[in-house]
Amino acid sequence: KPLYMERVWGGRSLEDKLNRALPPDKVIGESWEIVDRPEAQSVVESGQFSGATLRELLQESAGTIMGPTYDPTKPFPILVKWLDCQGKLSLQVHPPARIAEKLNGEPKTENWYIADVDEGAEMMVGLKKGVTRETFEDALKRNQLEALVHKTSVSAGDSIFVWSGRIHAIGEGNFILEIQQNSDTTYRVYDWGRVGLHGELRDLHVEESMESINFDDYEPEPLRNTQPGDVLADCNEFRIRKEMVGKGKILSFPDMSQPVLVNVVSGEVEIQSDRRTRFKLGDTLLLPYTGNFDVMGLGEAVLLITDQFA
C-alpha cells in the first residue's frame with residue numbers, strides 16, 4: 001500500500017497520472033511505494049501476506065525474499081517514491097557516508113527518472129563551473145545562491161543520478177520516480193524564504209549542508225533520450241536499467257538469482273509465476289530471490305529494473 005506524504009511543494013497529480021485515490025484536502029508531494037523504516041512501513045495489500053509489514057516479512061522470510069546470506073534484522077535497503085513537484089523543492093544535499101556518521105544522519109544516493117514534465121521544467125543539480133566554497137558562502141549570506149547552482153532543462157524519459165554530496169533542487173512541474181538508498185536524511189541549505197504547511201519558516205541545516213556539499217561537483221547533465229537496455233545508475237548501493245516489453249514479449253527473472261524491483265513507468269504488464277497478475281503504470285513490484293518470474297508486456301510497457309542491492 002502506498003504511503004502518502006503531505007509536502008508544501010506537492011499537489012494532486014497522483015490522482016490523474018496514476019489514478020490514485022488521495023487523502024482529501026491535502027497537498028501530496030510524495031507517495032512512498034516501498035519502505036522499511038521505523039517511522040514508515042510498507043504493508044502488503046492483498047494475497048497470502050495481506051496486512052503484513054515489509055519488516056515482518058523480512059524477519060520471517062529474509063532468505064526467501066533477499067537470499068540466504070541476508071541478515072533479517074537489516075532494513076530493506078531501497079526506498080522508492082513517486083514525487084509530484086508542483087513547486088520547487090528546497091536547495092538541499094544528502095550527506096556522504098563518512099559525513100553522515102559524524103552528523104548522526106544517513107547517507108543517501110538516489111536516482112530520478114523523469115516520468116512527466118510541464119513545459120519549461122528544470123532541475124538544479126551541482127554547481128556552476130568556477131564556484132568555490134568561499135563564493136558559495138558569500139552568496140548564501142546575501143540570499144543569492146540560486147545564481148551559483150547549475151540549472152538544466154529536462155524532458156520525460158530523462159534520468160538524473162544524485163550522489164550523496166551533490167547539491168540539488170527539483171524544479172516545479174516535474175513528476176518523478178525516485179529510487180534511493182533507504183534514508184531520510186536531507187539537509188536544506190536554502191528554501192527560497194518559503195513557509196511550511198503550518199505557516200512557519202522551514203528549518204534550514206546550513207552547517208550540516210556545508211560539511212556535506214561536494215564543492216568539486218560541476219554542471220552534471222541528465223541522461224537524455226534513454227533507450228531500452230540503458231543502465232541509468234550503477235553504484236555500490238544499486239543498479240537501475242531501463243527495459244521495454246512489447247505485447248506478448250517476456251522478460252524473465254530466474255529462481256535463486258537475486259531480489260529485483262520492477263517499476264512500471266509506462267503501459268501495463270502481467271507477471272507470470274504460480275499465478276498471473278496485472279500491473280500498471282505507477283506500480284512497484286518486489287520479485288523475491290526465490291521463484292521464477294516472467295514479465296510479459298500487454299501492449300508496450302517501459303520498466304525500470306533495480307537490482308544489486310541485497
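The model is predicted.

**The kinked helix**

- Helix α2 covers residues 54-66.
- A straight helix of 13 residues would span 18 Å, at 1.5 Å a residue. The end C-alpha atoms of α2 span only 12 Å.
- The buried residues of α2 are L54, R55, L57, L58, A62, I65 and M66.
- Those buried residues pack against four strands: β2 (28-34), β3 (36-37), β4 (40-41) and β20 (284-287).

**The open sheet**

- Strands of a sheet pair through backbone hydrogen bonds, and the pairing can be parallel or antiparallel.
- Five strands make an open sheet here, in the order β14-β15-β22-β17-β20. The pairing is antiparallel.
- β14 (231-234) and β20 stand at the edges. Each has a single partner strand, so one side of each is left without a neighbour in the sheet.
- From one strand to the next, the twist averages 25 degrees.
- β20 also takes part in the packing of α2, as one of the strands that the helix's buried residues pack against.

**Pairs within that sheet**

- β14 pairs with strand β15 (residues 239-245) in the antiparallel sense, over three bridges.
- V231 has R241 in β15 as its bridge partner.
- Four residues link β14 to β15 in a hairpin.
- Strand β17 (residues 260-266) and strand β22 (residues 301-307) run antiparallel and are joined by five bridges.
- L261 stands opposite T306 in β22.

**Strand β18 and its partners**

- Strand β18 spans residues 268-272 and is mostly covered. Four of its five residues are buried.
- One partner is strand β19 (residues 276-280), paired with β18 in the antiparallel sense over five bridges.
- E268 stands opposite K280 in β19.
- β18 and β19 form a hairpin, with three residues between them.
- Another partner is strand β21 (residues 293-297). This pairing with β18 is also antiparallel, over four bridges.
- E270 stands opposite M296 in β21.

**A buried valine**

- V149 lies in strand β9 (residues 149-153).
- Its relative accessible area is 0%. Buried means under 20%, so V149 counts as buried.
- V149 and M124 are 25 residues apart along the chain, yet their C-alpha atoms are separated by 6.1 Å.
- Setting aside neighbours within four places in sequence, V149 contacts L91, M124, V125, G126, L127 and K128.

**Cysteines**

- A disulfide is a covalent bond between the sulfur atoms of two cysteines.
- The structure holds zero disulfides.
- C85 is buried, with a relative accessible area of 0%.
- C235 has a relative accessible area of 11%. That is under the 20% cut-off, so C235 is buried.

Methods:
Residues are numbered from 1 along each chain as its sequence is written. This is a predicted model: local features need pLDDT of at least 70, side-chain atom pairs count only at pLDDT 80 or more; totals for chains, interfaces and linings use all residues. Side-chain values use heavy atoms; hydrogens and water are left out. Helices (H or I, at least four residues) and strands (E, at least two) are DSSP runs, numbered from the N terminus. The expected span of a helix is 1.5 Å times one less than its number of residues. Buried means under 20% relative accessible area, exposed over 50%, partly exposed in between (1.4 Å probe, protein chains only). Contact means heavy atoms within 4.5 Å. Two strands pair if DSSP finds at least two bridges between them. Axes are lines fitted to C-alpha atoms, for helices over the stretch in contact, and angles run from 0 to 180 degrees between N-to-C directions. A disulfide is a pair of cysteine sulfur atoms within 2.5 Å.
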